[in-house]
Amino acid sequence: MTVTPVVPLGGATVPQGPSGAGLQLVWFMPTLTTPTAPSIAEITQSGVFLSCIMAEPHDYNATQNKEQRNRACLVNAVQRLGRVEYDPAELLIAYDPQDMDADVSLAYKTLQPGVTGYFLYRWGLTRDVPLQVGQLVDVVQVTIGQPMKKMPEDGNDLLVGITVAFAGAVDFDVPLAA
């Protein structure tokens, strides 16, 4: 992908980043043999591709706490970085309540309360770009909560909201293996 720099501002060139539209792909993996090196074979064989049935991108909602430390010898309090807390947004997916065998209902059937597994997030590439060794993904251990049916809106798909809890390791920028 060629990136064109924006007009220089005060002599400095500001690089243009890629557009975010359509560039978050998400899979649910019931298991991963090696979460720190997920394999393309495993993803294509047992992964449930969520992106094309998600109503919107899925947000981690991550924040890192800061802890304040006071010392008698200092005029000002000092801070240090604390824990990162994740509060993932509700996952909104389309489904067909009258046809659980339809492709659009696969995620609804799979993501039931108490199910554990992993979400894999691939950023920056469209769905038309196949998975390749070395591409980077985020691997997040999850527990699935209760699906909540959403009131239908005119012209929109029937949706269900699913609560997702990050239940363990969160590994960013993990390279895909064969």
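**Notes on the sheet and the pocket**

1. V26 sits across from Y121 of β8. These two belong to β3 (residues 24-29) and β8 (residues 116-123), an antiparallel pair with 6 bridges. Pairing here takes at least two DSSP bridges between two strands; strands are DSSP runs (E, at least two residues), numbered from the N terminus.

2. A word on the source: this is a predicted model, where local features need pLDDT of at least 70, side-chain atom pairs count only at pLDDT 80 or more, and totals for chains, interfaces and linings use all residues. Residues are numbered from 1 along each chain as its sequence is written, and side-chain values use heavy atoms, with hydrogens and water left out.

3. The sheet is open, has 6 strands and runs β4-β3-β8-β9-β10-β7, paired antiparallel. At its edges are β4 (48-49) and β7 (91-94); each has a single partner strand, so one side of each lacks a neighbour in the sheet.

4. Now β7. With β10 (residues 159-175), β7 makes an antiparallel pair over 4 bridges, and I93 has V160 as its bridge partner in β10. Both faces of β7 are covered: L91 and I93 are buried on one side, L92 and A94 on the other (buried means under 20% relative accessible area, 1.4 Å probe, protein chains only). In general, side chains of a regular strand alternate between the two sheet faces.

5. Last, the lining of the largest pocket: 7 nonpolar residues, 4 polar and 2 charged. Nonpolar covers Ala, Val, Leu, Ile, Met, Phe, Trp, Tyr, Cys and Pro, charged covers Asp, Glu, Lys and Arg, and the others, Gly among them, are polar. A pocket is an open set of points on a 1 Å grid over the protein atoms alone, where a 1.4 Å probe fits, with protein on both sides within 12 Å along at least five of seven lines; lining residues have an atom within 4 Å of a point.

Conventions: Buried means under 20% relative accessible area, exposed over 50%, partly exposed in between (1.4 Å probe, protein chains only).
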